[in-house]
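Grab the structure viewer and a pencil.

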Amino acid sequence: MIRRYTFGKPFPTEAVVKELPYETDALPFFSIEDNRLSLPLENDIPVYGLGEQVRGINKRGWLYVSNATDDPNHLEHTHSLYGAHNFLLIGASHPFGVFIDYPGTLTFDIGYTRRDQMYIQPSQWDLDIYIIESPDDRLVSIVRLFRQLIGKSYIPPKWAFGYGQSRWGYQNEADIRKVAKGHREAGIPLDAIYMDIDYMVRYEDFTVSEEKFPDLPTLVQDMKSQGIHLVPIIDAGVKIEEGYSVYEEGVQNNYFCKEEDGTDFVGAVWPGRAHFPDMLNPKARRWFGLKYKYLLDMGIDGFWNDMNEPAIFYSEKRLQKVLDQVADLKGQNLDLNKNNEMLGLVNTLANNPEDYRSFYHEPGNGWEKVRHDKVHNLYGFNMTRAAGEAFDELEPDKRILMFSRSSYIGMHRYGGIWQGDNLSWWSHLLLNIKMMPSLNMCGFLYTGADLGGFGADTTEDLLLRWLQFGIFTPLMRNHSAMGTREQEAYQFDNMEALKNTIKLRYCLLPYLYSEYMKAALTDDMMFRPLAFDYPQDPFASKVEDQLLLGDGLMLCPVYQQNASGRYVYLPEDMLLITASGPDDIRFREMSAGHHYIEASLTEVVFFLRRGHLLPLAPAAESVKDLDPSHLTLIGYLNGPCTYTLYDDDGISKDFDLDKHAEPITVSPDGSVKYSGSRRLTFDAKIFKALPSL
Ligand code: GLC
């Protein structure tokens, strides 16, 4: 059951796809005091949700602010990251979900001011609140109802489940070819190389530097013949430059965000002075979206949208003010206060709230002029929607890879997200783990973090451990920042171990793709906290560093430096899988309870749940070379067991469950029953589980 409560005049965010009637009775569960929603938090009840945010899976104990921010410091005391995902799941004995559909700044004080109290405060009371309950009181059911409300998750092409290599620093064709060669010569699988901002002319969107890439279409084809897709970045800001067609068209047609006086707002990003397309204006959105055609026509079939909070290094006006004030300090004795004043001036240049209050959108549809800060969190959503709608128009039958940095709930229908500028820190590997289920709740299934870490220098062991988790995340991309240590897998002494780990990803693909597609098509979560499947288990709800993945797996990543194993909690008997590569996979039955398991640096450890099957394919160089016709079925059974395998052409939008999902049944004696349409052969490796109690 979903109920909608409306306050004031909400901006139509288009986060939800179902028009629900307004409730007239009082809002349940919450009281409204001092302009904020208030909810007592009993005892130990967990609070889940908020998608891309810092801290734990259980969000209790911190103050989170939905205010999309370009902040590369993902610290424990950070309040806002790049997305705004205002969905919470209160895990009380009668659990319920709440979605606050509000695109301005929204504060969630979840036991921060008072440990036993939650306060939610919007900066303005123009919003819709959806309360979601399920008759079976199951957390997964509440999430499913919410997901039905916000619409189906984006589905990328199948090749986008392969391994991708990225670095802010690849400059030209030679660099791209070097990366491709480095992987292919070393036998490291690879499906994508990402092109960061340096491919453009002076950081101008929808341009390609001829000097650096004299013949991009040919390069794209050469790479494709090796199973590698090139994925360029697109930034939100459009460089101000006479003669640059995107800029000129935008100005002529009033497609850019404007200041109060009607002039185009000027903020700086990579190219220096830039204008920001009014992504909320349908005409401007369509115009911007159709620009992707320039690269699609060169054979490109994937993009990442960046800087779309939007990030603003400085506004023209603020910069002038600050430079004048700093100039006034010239010749003065900068004591503590003066020095702080000077630093303060410079530090407030970027992403300044006053700048976000100084420009406007014209969304039409009865909304003449809306000040940006009131709808700030919708910018990245609508940039990605611009692309998604254009892809539907330009390539109606083809899936195009798209993921974004900034997002709002609703954007999950048009693309995935990556988790932004993390650092090569062990704690950021853990953050990556914890974010996965929270994002899935909010519809973001295609997601992953920069493996190895974006900022700061990585180390071989961190990269290896991170890849050991990354082989399970739908977006599996190694990305790093300019100036940091190079972190392509072939750069390290222990290249074999890195390679073998990446190969395992390809073995897992029949399972991962099946689980992704089933989750996307049935509004399910691919990654779940243990408590979601074992609600009666008092320990399961406390576990924050193990995740359920799809139908039958439980992940227990190693995320600590120098660890050679870890403690795990098993809510039931499970089969431990230890793999150091496709040719070295070992199994061990383990009973329910707490255990310490060994995992040397080169070993991935995870579990197969009792009564489940795991299909594995032989490793491949790229998704296009994957041969899923011979599967090894790992089973941990005490009776016949069925796995629903999903497969399709991976590129068209014909993704029908009835058509593409087929059951495979395995008996404890190892016999396999399959009467589906594909030509499949099987090996079954069965471990006998004790009957459940
Ligand atoms: C931003 C992105 C990062 C990218 C860089 C340069 O920091 O988050 O991924 O590499 O910009 O484009």
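Two strands count as paired if DSSP finds at least two bridges between them. Helices (H or I, at least four residues) and strands (E, at least two) are DSSP runs, numbered from the N terminus. This is a predicted model, where local features need pLDDT of at least 70, side-chain atom pairs count only at pLDDT 80 or more, and totals for chains, interfaces and linings use all residues. Residues are numbered from 1 along each chain as its sequence is written, and side-chain values use heavy atoms, with hydrogens and water left out.

**Exercise 1.** Work out which strands pair with β14, and in what sense.

*Solution.* Start with strand β13 (residues 192-195): it runs parallel to β14, joined by 4 bridges. Within that pairing, M195 has P232 as its bridge partner. Now try strand β19 (residues 302-306), which pairs with β14 over 3 bridges, again in the parallel sense.

**Exercise 2.** Find the handedness of the β-α-β unit made by β13, helix α3 and β14.

*Solution.* Trace β13, then helix α3 (residues 216-225), then β14: the unit is right-handed. That label applies if, with the strands pointing away from the viewer, the path from the first strand over the helix to the second runs clockwise.
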